[in-house]
Amino acid sequence: MSTQTNPAIDPPGGRRAIPVRTSYAPSHTCSPALRMRVLRQTPLFAELSDAELRSIDERMTNFHADPTDVIHRQGERAQHFYVLAAGRMKAYRTSPEGQQVVVDLLGSGDAFGGVDSVGRAAHAETVEALTTACVLRIDADGFHRILREFPPVALRLIDDLADQLLESREAVTQRSTTVTQRVAATLLRLAAKFGERDDDGAGILIQLPLTRADLAGITGSTPESVSRAMSRMRTAGLVESGRRWTRLVDLAGLRDLAD
């Protein structure tokens, strides 16, 4: 895909705007075909047959969300399990000082929320839509029935909880790396999840409405440190960036930096 900017959407003063329009935020309707496609790609249901997925789909409700809509809030009782069918969302925690700290970015097929039977009596973070989105939801009783009826789902849930514990321990270790290393690693992870290849295959474009504060929350640093890290990477020719987008130019260089 082309990454040339459009003069019509570049604001005055030469500030770079989004280079292309995104394709992931139409006015979503959760059609049966979309729901089935998303359930197939959701890791929690990866071992189920189409017939079993249809059974799960029939138990889930779906709804539309607009940008800035909050799906659930930090501290609220966890009563539903969600699967994001289409769109982009962010999960963040609010510090005692009132600062938002982004902890994850969600895309199609990502599961979130929870119920008290899996150790989540209350939501640990707020989940907010970044774009127009379509969400699938099931209540606690329905989720319990799925776990009882489909043992592979229960086993995968245990594996996921174990992975989360491992990730939290690794996050502590990563604090010993430099901010630039952490930002590079985060950009590579976002590119793998949300990126779009250039037409020539040379780079990857990430179009997300993220601020430096959002990246700081994900990387466990400060907005000022993230800005300096991004400046160093731009100077080195590793990335290009503008308002609401980042393009990874030198993937090999970024991997070396992250390592």
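Buried means under 20% relative accessible area, exposed means over 50%, and partly exposed lies in between, with a 1.4 Å probe and protein chains only. By this scale Glu149 is partly exposed, because its relative accessibility is 43%.

The model is predicted, so local features need pLDDT of at least 70 and side-chain atom pairs count only at pLDDT 80 or more, while totals for chains, interfaces and linings use all residues. Residues are numbered from 1 along each chain as its sequence is written, and side-chain values use heavy atoms, with hydrogens and water left out.

**Salt bridges**

Side chains of opposite charge can pair when their charged atoms come close. A salt bridge here is a side-chain nitrogen of Lys or Arg within 4 Å of a carboxyl oxygen of Asp or Glu. The structure has 9 salt bridges, among them the pairs in the table.

| Pair | N to O distance |
|---|---|
| Arg35 and Asp57 | 2.7 Å |
| Glu149 and Arg59 | 2.7 Å |
| Asp110 and Lys193 | 2.5 Å |

Helices (H or I, at least four residues) and strands (E, at least two) are DSSP runs, numbered from the N terminus. Arg35 and Asp57 form a salt bridge. Arg35 belongs to helix 1 (residues 32-41) and Asp57 to helix 2 (residues 50-59), so their pairing ties together parts that are 22 residues apart in sequence. Both Arg35 and Asp57 are buried.

A salt bridge also joins Glu149 to Arg59. This pair links distant parts of the chain, with Glu149 in helix 3 (residues 140-149) and Arg59 in helix 2, 90 residues apart. Arg59 counts as partly exposed because its relative accessibility is 28%.

Asp110 and Lys193 make a further salt bridge. Asp110 sits in the loop between strand 5 (100-106) and strand 6 (111-115), and Lys193 in helix 5 (residues 179-194), so this pair ties together parts that are 83 residues apart in sequence. Asp110 is buried, because its relative accessible area is 19%. Lys193, at 36% relative accessibility, is partly exposed.

Asp198, Glu240 and Arg247 are linked in a network of salt bridges.

**The buried side of helix 2**

Which residues of helix 2 are buried? They are Leu53, Ile56 and Asp57. They cover an arc of only 105° around the axis, so they lie on the same side of helix 2; the arc is that of the directions from the helix axis to the C-beta atoms. An α-helix has 3.6 residues a turn, so residues three or four places apart point the same way. The buried residues of helix 2 pack against helix 1 and helix 3, where contact means heavy atoms within 4.5 Å.
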